[in-house]
Amino acid sequence: MEDKIISKGIPMHARMIHSLSGKQSPIPYGRKGQYILSVDRANLNKELLSEAETYPNTTLNFEHKLQDWSADTGLMTFSRSDGSKDQIHADLIVGCDGAFSATRKQFLRRSRFNYSQTYIPHGYMELTMPPVNGEFAMKPNYLHIWPRNTFMMIALPNLDKTFTCTLFMPFEDFEKITTGDEVIQFFQSYFPDTIPLIGVEALKKDYFRLPAQAMVSVKCSPYHIGDKCVLMGDAAHAVVPFYGQGMNAGFEDCIVFDELMEQFNEDFCAVLPEYTRVRVPDDHAIADLAMYNYVEMRAHVNSKWFLFRKYVDNVLHFFLPKTIIPLYTMVTFTRIPYHHAVERWHWQNKVINYGLLLSAVGAVLGGSYLLTKHSQQVNNLAVPAEKMWTRLVSFRIPGMMTTQM
């Protein structure tokens, strides 16, 4: 299905950073030819369901709400929209039912199941940027970011030539804005270049259409109970959206599970514990990375040191492609396990920062040595410079008064 999905996605080769002054600066995601995709999730779900429906051994049941299930027998009880109940026996239950998983509730009743959920203090709100004369209002092959340190807005291109703009901001800041005029004033202060593109009236209307939505990060372990049930996707590891890896991590769950099924000859007693062992460290790592990347997107991209380090990382990766790999490249463009990518990133940072420190110290010592060795020449240069300064100071423009402090 890859070609079918990619053909309906829009490639984004770089972040496009919008400064407060309106200046736009691209930051590439990787090497030439590497990009991420803006994909319509609703269309992806439809395509996957349509493909699943073509398999004769697959039955799709809608409007079945899971009420309870037994880890001992595999008996599942569903309630239907008409109030009736339905019971189904399963050899294996795969819980892919999202961050507020009903399947996971059974895990919570058991001992030695670790679970945590964290709501971040920021919410999000979606706005729409319409086409201009039938074309995209901005360059489409970028993920546009307006970083403002404690909050930010991003924009993703859609096939209908619109952009979906998402404002991420602390809830208390959302709550301070209570009128349409305050919305416009806020955007004039922080996102002035977007006002003519979204439209004044549309901004006033869309901002109050829905309240800001919450974002939750979920960690748990183990992911399995015996040989009867396994959790995948957001049910196992809901993450905040800032690394763009939530759906990818879920798909990788499927790949890893499939590889283990082949490795252990489809023995659930061996596959499920190994799946937990392999995936838990990776999924916890991507959850932490997603939290970190929010700070990077809304604040670090404004930093000259961050941009310099990006440049250094990319140069080193060009000359040492197997030794130095930027974190984003490892996470997004390789199958390197997430937790290995984090470990390698920390190691690379230490090596590169140490190398930069040694280079700076070497430059200072080298400069000091040259100054000492050629001190006479330096002194000879200093004398004419002093004479020139004296002449400049003695020069007076009529009517000008000089003061000293």
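Three strands make up an open sheet of mixed pairing, ordered β8-β16-β15; strands are DSSP runs of E with at least two residues, helices are runs of H or I with at least four, and both are numbered from the N terminus. The edges are held by β8 (93–95) and β15 (224–225), each with a single partner strand, so one side of each has no neighbour in the sheet. Two strands count as paired if DSSP finds at least two bridges between them.

The model is predicted: local features need pLDDT of at least 70 and side-chain atom pairs pLDDT 80 or more, while totals for chains, interfaces and linings use all residues. Residues are numbered from 1 along each chain as its sequence is written, and side-chain values use heavy atoms, without hydrogens and water.

β15 and β16 (residues 229–231) run antiparallel and are joined by two bridges. His224 has Val230 in β16 as its bridge partner. Helix α10 (residues 268–298) packs on the sheet and touches β15 and β16; contact means heavy atoms within 4.5 Å.

Two residues elsewhere are set out below.

Leaving aside neighbours within four places in sequence, Ser217 is in contact with residues including Ser116, Thr118, Val239 and Met291. The C-alpha atoms of Ser217 and Asp193 are separated by 32 Å, with the two residues 24 apart along the chain.

Definitions and conventions. Axes are lines fitted to C-alpha atoms, for helices over the stretch in contact, and angles run from 0 to 180 degrees between N-to-C directions.
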